[in-house]
Amino acid sequence: IEVKKEPARQSDFTTTPLTKEGREYLNGRGISDTTIGKCKVAGKANTLIFNYYKSGGIYSAKYREIGSKGFRREKGTRRGLYNIDSVRGRKEAIICEGEIDALSFHEAGLASVVSVDLGAPGEKDTTTDGKLKCFDECSKELSGIEKFYLAGDADGPGQRLNDAIAKRLGREKCLVVKYPEDCKDANDVLVKHGKDALKACIANAKPIPISG
């Protein structure tokens, strides 16, 4: 059930620590308590809460019930990139498709990482514009980045997302991240192959060919 009001104050959001069930779930996906704490993942009952911070304040949030693949968010809240404060003052940034993937890169020691807020475009989406509105809120924070690592999922929607982001940010600034054949995303790599393998995905990212 979506909340109809628009939260206007940080106190409107839940910042309580994860429950034992929430920690165990993320631990099982390779995310340590240290990363959970640094990225301020919150929780309530059997729900993971990914609060969206900017300059230390919360302006949006997403909720995921443990064991479910679906997310919900506060209706009417501002769009933006998850973990945007991590790229302040950096020259490089990783852009991935989901919050848990962002946590996975952080776990591997790659802390300058953000995630889009509504995932990749679906098969029925005729345009990618709606998925990229999250960049509008964070254009200032991204303006000083010289190199972007595009880390969408290894499927059609993920690659379409990578293409759309590259077009928006400038292909000359972007490198595409490839995952091992048995992995669909960053968290898969972390769970199946470990931190060093995820670091290698970034180290081996390839520039996008540019005509001329």
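A polar contact is a pair of N or O atoms within 3.5 Å; within protein, one atom must be able to donate a hydrogen and the other to accept it, and residues adjacent in sequence count only if both atoms are side-chain atoms. Helices (H or I, at least four residues) and strands (E, at least two) are DSSP runs, numbered from the N terminus. The model is predicted: local features need pLDDT of at least 70, side-chain atom pairs count only at pLDDT 80 or more, and totals for chains, interfaces and linings use all residues. Residues are numbered from 1 along each chain as its sequence is written, and side-chain values use heavy atoms, with hydrogens and water left out.

At the start of helix α6, a side-chain oxygen of Asp185 comes to within 3.2 Å of the backbone nitrogen of Asn187. Helix α6 spans residues 186-193. Its buried residues are Ala186, Asn187, Asp188, Val189 and Leu190. Buried means under 20% relative accessible area, exposed means over 50%, and partly exposed lies in between (1.4 Å probe, protein chains only). The buried residues of α6 pack against α3 and against α7 (195-203). Contact here means heavy atoms within 4.5 Å. Gly194 follows α6 and has a positive phi, near 95°.

The strands were examined next. Two strands pair if DSSP finds at least two bridges between them. An open sheet of 4 strands has the order β1-β2-β3-β4, and its pairing is antiparallel. Strands β1 (42-44) and β4 are the edges, each pairing on one side only. Between β3 and β4 there are 2 bridges, in the antiparallel sense. Tyr63 has Arg72 as its bridge partner in β4.

Strand β5 (residues 92-96) pairs in the parallel sense. It is joined to strand β7 (residues 147-151) by 5 bridges. Ile95 stands opposite Leu150 in β7. Strand β6 (residues 113-115) also pairs with β5, over 3 bridges, again parallel. There, Cys96 has Ser115 as its bridge partner. Strand β5 is largely enclosed by the rest of the structure, because 4 of its 5 residues are buried.

Lys62 is found in strand β3. Lys62 is buried, with a relative accessible area of 7%. Its side chain makes a polar contact of 3.1 Å with the side chain of Glu99. Beyond its neighbours within four places in sequence, Lys62 is in contact with several residues, including Leu48, Ile49, Phe50 and Tyr52. Phe71, Arg72, Arg73, Glu99 and Asp117 are also among the contacts of Lys62.

A pocket is an open set of points where a 1.4 Å probe fits, with protein on both sides within 12 Å along at least five of seven lines; lining residues have an atom within 4 Å of a point. Grid points are joined across faces, edges and corners, and a volume is the space filled by probe spheres set on the points. The largest pocket has a volume of about 560 Å³. Its lining holds 21 residues, of which Arg64, Lys69, Phe71, Gly98 and Asp153 lie nearest the centre. The elements that give two or more residues to this lining are β3 (57-65), β4 (72-73) and α3 (99-107). Helix α3 gives the most, with 3 residues. By class, the lining has 4 nonpolar, 3 polar and 14 charged residues. Ala, Val, Leu, Ile, Met, Phe, Trp, Tyr, Cys and Pro count as nonpolar, Asp, Glu, Lys and Arg as charged, and the others, Gly among them, as polar.

The second largest pocket has a volume of about 230 Å³. Of its 14 lining residues, Lys38, Cys39, Asn83, Asp85 and Ser86 are the closest to its centre. Strand β2 (residues 47-54) gives the most to this lining, with 3 residues. The classes are 5 nonpolar, 5 polar and 4 charged.

Backbone angles were considered last. Most residues other than glycine have a negative phi. Lys40, in the loop between α2 (33-38) and β1, has a positive phi near 55°. Lys40 is partly exposed, with a relative accessible area of 43%. Ser55 is not a glycine either, and its phi is positive, about 55°. Ser55 lies in the loop between β2 and β3. Ser55 is exposed, with a relative accessible area of 58%.

Notes: 1 Å grid on protein atoms, 1.4 Å probe; cavity = no way out; pocket = protein on both sides within 12 Å on 5 of 7 lines; lining within 4 Å.
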